[in-house]
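The following note sets out points for a colleague who is examining the structure shown below. Each point takes up one topic.

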Amino acid sequence: MPRLADKYRYWFLVLPALVIMIVFYIWPLLGIWQISLTEPKAGIENYTRMFDSSAVTTSFILTFRIAILTTIGCLILGYIVAYVISNFARRAKPLMIALVLLPFWVSVLIRSFSWIVLLGRSGIVNDSLIGAGLIDSPLRLMHNEFGVVLAMIHVMLPFAVLPLMANMRGISGAYVDAARGLGASEFTAFRKVYFPQTMPGVMSGALLVFVLSLGFYITPALLGGGRVLMISEYITYQIQEFLNWGLGSALSVALLVATAIVILIAARFVNLRSALLERGS
Amino acid sequence: MPDSILTIADATKRYGPVNALDRVNLEVEEGEFLTLLGPSGSGKTTLLSAIAGFAPLSEGRIDLRGRDITGEPPEHRDFGMVFQGYALFPTMTVRDNIAFPLRVRKRPTAEIKKRVEYCLGLVQMEEFADRMPTQMSGGQQQRIALARALSFEPQVLLLDEPLSALDKKLRADLQWELKSLHDKLGVTFIYVTHDQDEALSMSDRVVILKDGRIQQEGVPDTLYNHPRNSFVADFLGKSNFLDLPVSAREDDALTCSIGGTKFPVMAPGATATGDVLKVALRPERIRLGQPGQEMLDGTVRQVSYLGERCLVMVDHEDVGTLIVSQPTWKAGVTPRAGLPVSFGWDADACVVLEPGG
């Protein structure tokens, strides 16, 4: 029986997934691009309007600011968690990894509503503070950037912890021992020897969290209460409220391009292949 | 008597119910090349870690020139350390790796530059200064690790199986280099290995450990030719072990017998006084001859040719099988399986072992 050449055989294996991607993802995406150039009439009018609109500019700046704050928050908290899991927790390790992964099994929607329960005007945090006599009137903990960033850090944390852990698992304890044996204090050994080796993990964690945050919708929509309009919510408004498909599509394209630029810039500093694909060891 | 640089007293390290080190006492002399030798699990690496400060002792103390350093963290001990896996910092160039211990000591920049060049020269790696560690072979990395550990002129250099990851020929080359580096610098070396050849070829003194205890310590020649117990005799080289009945005793000169054959055994300083001696007999001390030429008769069972030597297994009706090692270039007989031969040894070839060991 004649055998198909290997490269054709492998194409057959990926064919179902490829067809689904093209029919349900690439094609509609091209449709969005088309709409942005044809609705309400042909031309680049949607794009000129987008660049002229101060509301759009404000939303983009807000989106980047929240994504940056979320990334910083996730990196700081995630680094500590990953460091402890990788270097200190021996027996508690499986439990701690499970706790990191647990949020993945709970819907983002439910997690975001939990934050509303916590941070609302008569939420648990405000009630407790008032009950303890620390404040007289409730603090505004949500429907502002603070609430959005807080909840987003919570949602995104595993995306920072996992690449960092994968990275730290590959760092032998002998390096820190060697540094201390050569006269470096514990802190110097961490700063000069351990930390630089975790940079690939830091960069891939940062990229993952940042890119996901740029297009995030549910958490900012719920915690922002319409006051913190990140770009994906802005797009929803344009399409659902104003039926302005043209501008909505142009904004989608702009978000896609902005994300692509971030990844391209990051690719100059991070080996994306190893950072995103090679999780194990 | 030379001064001790390190004094280890009753060092004990417990991991749960296991004693990785069991009341180890050891004096390390200033400037010597001391090797800790033992099989895996013998406690040699634990002892080195305790000296380096990575594994705090459960009991006992370590003094450096009379100063108690038992509780000091590794960075205050001023020992250089070379690891089995090199542990060169992968984010730094070779030059920065070697400069690292000097920088953390805040030495002036000009001095650092000079020291780094000097150390690169010591290991003949000048042209590799700007490479990253990952761009070098194992042997080259180990040289850099050595230069780094020596750059700050440590009081003691600790080496944890530094050559075990290298291939045989490279290992032999680096053994010579390590030895000459030691002679040149006069720094005290404490070297951990499980390789007996390495231990014998480089060391001024060897300490043999097993189950967390020192079995015997001494210069290589003494350990090889006068092992105290069967573990040392077996671990350092090959040995035949015999139980010899004593038929007469006059000071150090004994007469023993195998079957009906009596022969003299010199046992200077032997403490064993029983009627049966446990002795070790090195394969290369046994002579093979034509039947009748030597004192005992046997049959060749098997021959293994090793190039410069060949190993011959000889069966004897009373002692069982003995291993004989003879140079291939001056064989009294050309052994082959089934050949009847005679064999014998000199009076000083049998080493009397401690009973029970």
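How far apart do the C-alpha centres of domain 1 of chain B and domain 2 of chain B lie?

1. The separation of these two C-alpha centres is 40 Å. Domain 1 of chain B covers residues 4–227, and domain 2 of chain B covers residues 240–352. The model is a predicted one, and the values in this note should be read accordingly.

2. Chain B as a whole has 357 residues, of which 38% count as buried. Its secondary structure consists of 8 helices and 20 strands. Taken along the principal axes, the box filled by the C-alpha atoms of chain B is roughly 80 × 45 × 40 Å. When contacts in chain B between residues at least 6 apart in sequence are considered, 66% of them join residues at least 24 apart.

3. Chain A contains 14 helices and 0 strands. Read from the N terminus, the order of its elements is α-α-α-α-α-α-α-α-α-α-α-α-α-α. The C-alpha trace of chain A spans about 80 × 70 × 35 Å along its principal axes. Of the 281 residues in chain A, 31% are buried. For contacts in chain A with a separation of 6 or more, 75% are accounted for by residues 24 or more positions apart.

4. Within chain B, helix α2 (residues 94–104) packs with helix α3 (residues 109–122) at an angle of about 130°, and their axes are 9 Å apart. The arrangement of α2(B) relative to α3(B) is therefore oblique. The crossing of α2(B) and α3(B) has a right-handed sense. On the side of α2(B), the contact is made by B:Arg95, B:Ile98, B:Ala99, B:Leu102 and B:Arg103; α3(B) contributes B:Ile112, B:Arg115, B:Val116, B:Cys119 and B:Leu120. By class, the residues of this contact of α2(B) with α3(B) are 7 nonpolar, no polar and 3 charged.

5. Which elements give two or more residues to the side of chain B that touches chain A? The contact takes 18 residues from chain B and 15 residues from chain A. The elements in question are β6 (79–82) and α2 of chain B. Of the two, α2(B) gives the most, with 3 residues. The side of chain B that touches chain A divides into 13 nonpolar, 2 polar and 3 charged residues.

6. One helix links the last two points. Helix α2 of chain B packs with helix α3 of chain B, and α2(B) also gives 3 residues to the side of chain B that touches chain A.

Methods. Residues numbered from 1 in each chain as written. Chains lettered and ligands numbered in written order. Predicted model: local features only at pLDDT ≥ 70, side-chain atom pairs only at ≥ 80, totals over all residues. Axes fitted to C-alpha atoms, helices over the stretch in contact; angles between N-to-C directions. Helix = DSSP H or I, 4+ residues; strand = E, 2+ residues; numbered from the N terminus. Parallel < 35°, antiparallel > 145°, perpendicular 65-115°, else oblique. Left-handed = near helix turned anticlockwise from the far one by under 90°. Contact = placed C-beta atoms within 7 Å. Nonpolar A, V, L, I, M, F, W, Y, C, P; charged D, E, K, R; others polar. Buried ≥ 20, exposed ≤ 12 C-beta atoms within 10 Å, placed from the backbone. Domains from an automatic or database assignment.
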